[in-house]
Amino acid sequence: MANPIDPIMISFPESFETERLCIRAPLWGDGAVMNEAIGESLAELKPWMPFAQDMPSVEESEKFTREARLDYLKRSVLHMRIYDKVTGSFIGCSGLHNIDWDIRNFEIGYWIRSTCAGKGYMTEAVNGITEFAIHTLNANRIEIRCSARNARSAAVAERAGYTLDGILRCNRRGQDGELHDSKVYAKVRGAEF
């Protein structure tokens, strides 16, 4: 069996563009604009996102951003920031996590600021990140997992052409304290790409 490559030795770009978006790695100083978007969107994020149970301080958002930057450089989690490439305004966050570099398996997560929802930005971002994972990172499998109760998140996966692999029954505790089913969507090399 061949020795697996150390992920820190894998070189790839820190940014790429789609039709309307610039998607890039976190940078020092991104915390303030991300914090503003969290504050604007707290009610919509709270049912789904652990970080949105209480409003973080600007300093906490900047600390998270700096840690996310280091994760990106270490290749352990590829946090990404989404910006409108014309106006430069912050739209939301996405990225690749639960990475298995040996089999090139990635999971996409995402959230969008409330004022940008319903405009197709997140579907465009997911499609862009999917293409990045396929062509730049040589992905074999890309997943999107969400609570079966999160219809908007599931709709993004479906619009992006992901196949529902299955539903894991009562496998996660939601932010409401109840057990939730999880929908697992995927694209797999040789099937969907």
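Start with charge. The protein has 24 positive and 27 negative side chains, with the centres of the two sets 2 Å apart. Here Lys and Arg count as positive and Asp and Glu as negative; His and the chain ends are not counted. Each charge is placed at NZ of Lys, CZ of Arg, CG of Asp or CD of Glu.

This is a predicted model: local features need pLDDT of at least 70, side-chain atom pairs count only at pLDDT 80 or more, and totals for chains, interfaces and linings use all residues. Residues are numbered from 1 along each chain as its sequence is written, and side-chain values use heavy atoms, leaving out hydrogens and water.

**Stop 1: the whole chain**

Show everything as a cartoon. You will find four helices and eight strands. From the N terminus, the order is β-β-α-α-β-β-β-α-β-α-β-β. The radius of gyration is 16 Å, close to the 16 Å that the globule rule gives for 193 residues, so the protein is as compact as a globular protein of that length. That radius is taken over C-alpha atoms, and the rule is 2.2 Å times the number of residues to the power 0.38. Helices (H or I, at least four residues) and strands (E, at least two) are DSSP runs, numbered from the N terminus.

Along the principal axes, the C-alpha atoms fill a box of roughly 50 × 40 × 30 Å. Buried residues make up 46% of the 193. Buried means under 20% relative accessible area, exposed over 50%, and partly exposed in between (1.4 Å probe, protein chains only).

Turn to contacts, meaning heavy atoms within 4.5 Å. Among those between residues at least 6 apart in sequence, 61% join residues at least 24 apart.

**Stop 2: strand β5**

Select residues 105-112. How many of the eight residues of β5 are buried? Eight of the eight are, so the strand is largely enclosed by the rest of the structure. Show its side chains. N105, E107, G109 and W111 point one way. F106, I108, Y110 and I112 point the other way.

β4 and β5 pair in the antiparallel sense over seven bridges. Strands count as paired if DSSP finds at least two bridges between them. Find C93, which stands opposite W111 in β5. The two strands form a hairpin with four residues between them.

In which sense do β5 and β6 pair, parallel or antiparallel? They are parallel, with three bridges. Here N105 stands opposite R141 in β6.

**Stop 3**

Most residues other than glycine have a negative phi. Select R104, in the loop between β4 and β5. Its phi is positive, about 60°, although R104 is not a glycine. R104 is buried, with a relative accessible area of 18%.

Now jump to C170, in strand β7 (residues 163-173). C170 also has a positive phi, near 50°. At 47% relative accessibility, C170 counts as partly exposed.

**Stop 4: F90**

Return to β4 and pick F90. Is F90 buried or exposed? At 2% relative accessibility, F90 counts as buried. Leave aside its neighbours within four places in sequence. F90 is then in contact with V33, M34, A37, R81, I82, Y83, W111, R113 and C116. F90 and L21 are 69 residues apart in sequence and 9.9 Å apart in space, C-alpha to C-alpha.

**Stop 5**

Select β1 (residues 15-17) and β2 (residues 21-24), which pair in the antiparallel sense over three bridges. A hairpin joins them through three residues. The bridge partner of E17 is C22 in β2. Four bridges join β2 to β3, and the two run antiparallel. Look for R24, which stands opposite R81 in β3.

**Stop 6: K46**

Finish in the loop between α1 (31-45) and α2 (58-74), where K46 lies. K46 is partly exposed, with a relative accessible area of 40%. Beyond its neighbours within four places in sequence, K46 is in contact with A52, Q53 and Q175. Last, pick R141 again. K46 and R141 are 95 residues apart in sequence and 29 Å apart in space, C-alpha to C-alpha.
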